[in-house]
Each structure stands twice: as structure tokens, then as C-alpha cells.
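The terms are given with their cut-offs as they come up.

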Amino acid sequence: MLFRSLIYRVTIFGSEKLPAGGFLLLPNHITWVDAVVLQLACPRPIRYIIDESIYRNRILNPIFRLARCIPISSRRAKDAMRDAAERIHAGEIVCLFPEGQLTRSGTLLRLRRGYELIAREAGGPVVPVWLDQPWGSIFSFQGGKFFAKWPRSVPYRVVIAFGEPLDAGKADIATVREELLKLGEFCFNRRRALDRHLAEACVRG
């Protein structure tokens, strides 16, 4: 609650679309704290798949264990994917960032195919979700650096839009990317800056 009230102010769209059972959640990846922001927006606990080297971090590992994250590495990729599929079968929400890395430009990167294996194995729905406006916060790479900058506002406004659930067999890379971009357009069209008068925008410029 402190994170929500003091650091981020989260507006949520589409949470009523979330399936009642287990599913795979696929968000874009903008900042180091996307997982925290997503959990603020989701009414149920989310189990995240994260790189094993980060999971083993001595300081962060107790937090990841408490959040029941699933570590993944190139050597144990199949085991992690099987574990994720079993969790979805058990009715849990599993989240994987399909870009595989933080964006350095603020735009959606190329999606990787690992999530397709989990989706097929689990057989459950796939839900795309878009995080809008965290680019520019201190946890993003805007300006070519993390952390060493002032946020443009406090609390920082973020919009999260959940998409329609997709059948696992239809959630290929092209389809998921298209759905993510549609959600991005939806969020952009609802930015407060677009409600301002053109003259005000000119003066601010």
C-alpha cells in the first residue's frame, strides 16, 4: 500500500476479464519494479518466472522465495517451464515477461518463444497485459540510466490494461504482439495529456 500511495498511482482497466482459474500472464517489460506494479493491479497473487542468476541474489532471494517465484536458466529451462505449467493447472497465475529483458528504448521488443511452450503444456488461457507510462520513472532506462534521475511526478502515474484471454493454441508470437500493441494504443488514447488544450501544450513546449 505504501508503494502504491507514495511511489506509483495505478489506474487499472480490464481486470474483470481475468479468468477465474489458472492462466499465463504476458506483460511488456519497462522497469525493474514491473512485477510489483502488476501485483498492485491484480486481485490475486502472481507467481513470476525470473532468471535464476537474479533469483539467487543474496539480498533479494528471500523476497523471491516469499513470492514463490520460479527460477529459470538455460540449463533448467524445461524444468522451470514444466513447473510453471503445473502451477497454472493448479489454478495459479504465472507471469512471464515474453521480451526476456527490460526495454532500453521504451518500445516493445521482439517476443521470445519460451512462453508458447508453457502455454501449450498448461493448456490454460494466455492473458496479455500492458503497462503504460512507467517509462520515465527512476526504475526505467529512460535517459540512458537506471535510478540516477528524478521522477517527473510523485506519485508516478501508471496505467495497466488487461487484454482478452487467448486460447493457448492461438497465442502465437504474432497474435500476442498484436494484442499487446492494441492495449498500448488503448492506454495511450487515455493519457491525461491528450485532454489538454493544444495551446497549453504549446506553452509547456
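## Basis and terms

A residue is called buried under 20% relative accessible area, exposed over 50% and partly exposed in between, with a 1.4 Å probe and protein chains only. The model is predicted: local features need pLDDT of at least 70, side-chain atom pairs count only at pLDDT 80 or more, and totals for chains, interfaces and linings use all residues. Residues are numbered from 1 along each chain as its sequence is written, and side-chain values use heavy atoms, with hydrogens and water left out.

Helices (H or I, at least four residues) and strands (E, at least two) are DSSP runs numbered from the N terminus.

## Strand S3 and its partners

Strand S3 spans residues 46–51, and five of its six residues are buried. Two strands pair if DSSP finds at least two bridges between them. S3 pairs in the parallel sense with strand S5 (residues 93–95) over three bridges, and arginine 47 stands opposite valine 94 there.

Strand S4 (residues 70–72) also runs parallel to S3, joined to S3 by three bridges. Aspartate 51 has isoleucine 72 of S4 as its bridge partner.

## Salt bridges

A salt bridge is a side-chain nitrogen of Lys or Arg within 4 Å of a carboxyl oxygen of Asp or Glu. The count by this rule is 11. One of the pairs is glutamate 92 with arginine 47, whose closest N and O atoms are 2.9 Å apart. This pair links distant parts of the chain, 45 residues apart: glutamate 92 lies in the loop between helix H5 (77–89) and S5, and arginine 47 in strand S3. Glutamate 92 counts as buried because its relative accessibility is 17%; arginine 47, at 7%, is buried too.

Glutamate 178 and lysine 182 form another salt bridge, with 3.6 Å between the closest N and O atoms. They are four residues apart in helix H7 (residues 173–188), so about one helical turn separates them. Glutamate 178 is partly exposed at 44% relative accessibility, and lysine 182 is partly exposed with a relative accessible area of 44%. Elsewhere, salt bridges that share partners join Arg47, Arg68, Asp83, Arg87 and Glu92 into one network.

## Threonine 103

Threonine 103 is found in the loop between S5 and helix H6 (114–122). Its relative accessibility is 1%, so threonine 103 counts as buried. Beyond its neighbours within four places in sequence, its contacts (heavy atoms within 4.5 Å) are His29, Ile30, Leu109, Trp135 and Phe141.
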